[in-house]
Amino acid sequence: MEDSILALLDNAKKEIVASNSTSFVNEVRVKYIGRTGLLTSMLKDLKNFPSQDRPAIGKLLNDARIAIENLISQKTAELIVEEQKQKEYNETLDISLSLPSYKRGVLHPLSIVKNEIIDIFTGLGFSIEDGPEIELSKYNFELLNIPADHPSRAFCDSFYISDDILLRTQTSGIQARVMEKTLPPIKIICPGKVYRPDDDATHSPMFQQIEGLYVDKNVSLADLKSVLQLFAKKFFSESTKVRFRPSYFPFTEPSVEVDLSCAMCGGAGCSLCKGTGWLELLGAGVVNPIVLDNCGIDSSIYSGFAFGIGIERATMVKYGIPDMRILFDGDVRYIDQFR
Ligand code: DAH
């Protein structure tokens with residue numbers, strides 16, 4: 001009896017070792033230790049043996065069952081790992097599968113133009129300054145030599161929050177803030193949003209400007225001209241002509257408006273330039289000595305130039321856009337053309 005139990009155990013061991021799948025191991029389990037398995041049947045037959053032999057045979061059978069169980073669980077664990085590996089291998093990603101296409105966003109033309117202008121001036125050594133959109137009238141007007149009776153100070157032209165606090169109407173206030181706390185040389189540009197109660201094809205209640213300021217010893221109108229000429233040619237094209245027209249701003253003396261030859265008609269006159277051949281781009285001038293002194297900079301030693309570019313205006317001029325409102329409509333089909 002002992003020999004047949006050991007032989008059975010030996011066969012079971014061989015079959016378990018040779019198994020190459022968990023389902024095969026399971027078949028071996030059923031064959032030997034399942035409800036009607038070979039070893040189980042021998043255990044059931046134990047009662048037919050003489051009582052003095054039963055404990056020894058019983059022990060042999062039990063030991064064999066435990067050995068088979070252990071081997072099976074060990075082999076099953078190994079095969080589970082292998083089968084998982086095989087499954088992962090068979091399931092490699094099919095990279096040829098085409099995904100639904102999605103559209104990438106595109107920079108808004110106003111952002112494109114703003115970034116271009118910033119790039120040109122930072123390339124010329126200007127650094128970027130920022131200021132608050134909710135501004136004191138001191139910086140928005142007073143220090144900039146805009147007297148209390150100046151038309152742009154009237155309530156209808158500005159969004160006031162209280163008597164002396166308003167949404168800034170120009171980025172020029174940042175000039176005053178910087179000059180008040182910095183010794184020359186000062187060479188800055190200040191991009192930002194500004195607010196005025198206007199709303200038509202060429203005006204929006206919110207628009208953006210880039211203020212520029214250069215203060216040092218011996219800065220003159222000639223420096224302003226050469227910097228703005230260089231800017232215009234880089235921003236538009238080498239062939240762009242630049243025209244300086246006398247103008248008036250309280251914070252500059254002398255003041256100029258800068259026009260560009262119309263990019264659409266090359267100066268011959270068209271609907272974009274209203275037949276003049278020129279497009280108005282920006283305001284500028286030599287910083288009024290009163291403004292320098294107001295901000296604590298000695299105007300007998302220092303001088304400067306300043307300019308203010310409207311970003312919407314520059315975008316309209318550059319791309320020949322006749323109505324500003326299209327820039328604020330959020331129509332993705334329109335914006336997408338600037339891809
Ligand atoms: N602040 C002016 C405006 O909003 C633009 C401007 C003109 C700024 C001349 C300047 C300047 O610095 O010198 O229309």
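1. Aromatic pairs. In this predicted model, a search of the whole structure turns up eleven aromatic pairs. One of them joins Tyr 319 and Phe 338 in an edge-to-face arrangement, with 4.9 Å from centre to centre and 80° between the planes. Tyr 319 belongs to helix H10 (residues 311-319) while Phe 338 lies in the segment after helix H11 (332-335), so this pair ties together parts that are 19 residues apart in sequence. Of the two partners, Tyr 319 is partly exposed at 32% relative accessibility, whereas Phe 338, at 18%, counts as buried.

2. A cluster of rings, and charges over rings. Ring pairs also connect Phe 121, Phe 126, Tyr 214, Phe 231, Phe 235, Phe 236, Phe 305 and Phe 307 into a cluster. Phe 235, a member of that cluster, has the charged end of Lys 318 over its ring, 4.5 Å from the centre. Elsewhere, Arg 177 lies over the face of Tyr 139, at 4.1 Å from the ring centre.

3. The search of the whole structure finds 15 salt bridges. In one of these, Arg 245 is joined to Asp 259, with the closest N and O atoms 2.7 Å apart. Because Arg 245 lies in strand E7 (residues 242-249) and Asp 259 in strand E8 (residues 252-261), the pair ties together parts that are 14 residues apart in sequence. Asp 259 is buried, with a relative accessible area of 2%, whereas Arg 245 is partly exposed at 26% relative accessibility. Both residues take part in a network of salt bridges that also includes Arg 243 and Glu 280.

4. Two further salt bridges. Arg 153 forms a salt bridge with Glu 142, and their closest N and O atoms are 2.8 Å apart. Both residues are in the loop between helix H6 (137-140) and strand E3 (160-162), eleven residues apart. Arg 153 counts as buried at 15% relative accessibility, while Glu 142, at 36%, counts as partly exposed. In another salt bridge, Arg 333 pairs with Asp 331, the closest N and O atoms being 2.9 Å apart; here Arg 333 is exposed, with a relative accessible area of 68%, and Asp 331 is partly exposed, with 24%.

5. Domains. The domain assignment divides the chain into domain 1 (2-90) and domain 2 (109-338), and the C-alpha centres of domain 1 and domain 2 lie 91 Å apart in the model.

Notes. Residues are numbered from 1 along each chain as its sequence is written. This is a predicted model: local features need pLDDT of at least 70, side-chain atom pairs count only at pLDDT 80 or more; totals for chains, interfaces and linings use all residues. Side-chain values use heavy atoms; hydrogens and water are left out. A salt bridge is a side-chain nitrogen of Lys or Arg within 4 Å of a carboxyl oxygen of Asp or Glu. Helices (H or I, at least four residues) and strands (E, at least two) are DSSP runs, numbered from the N terminus. Buried means under 20% relative accessible area, exposed over 50%, partly exposed in between (1.4 Å probe, protein chains only). Domain bounds come from an automatic or database domain assignment. Rings of Phe, Tyr and Trp (its six-membered ring) pair if their centres lie within 6.5 Å; planes under 30 degrees apart count as stacked, over 60 as edge-to-face and the rest as tilted. A charge sits over a ring if NZ of Lys or CZ of Arg is within 6 Å of the ring centre and within 35 degrees of the ring normal.
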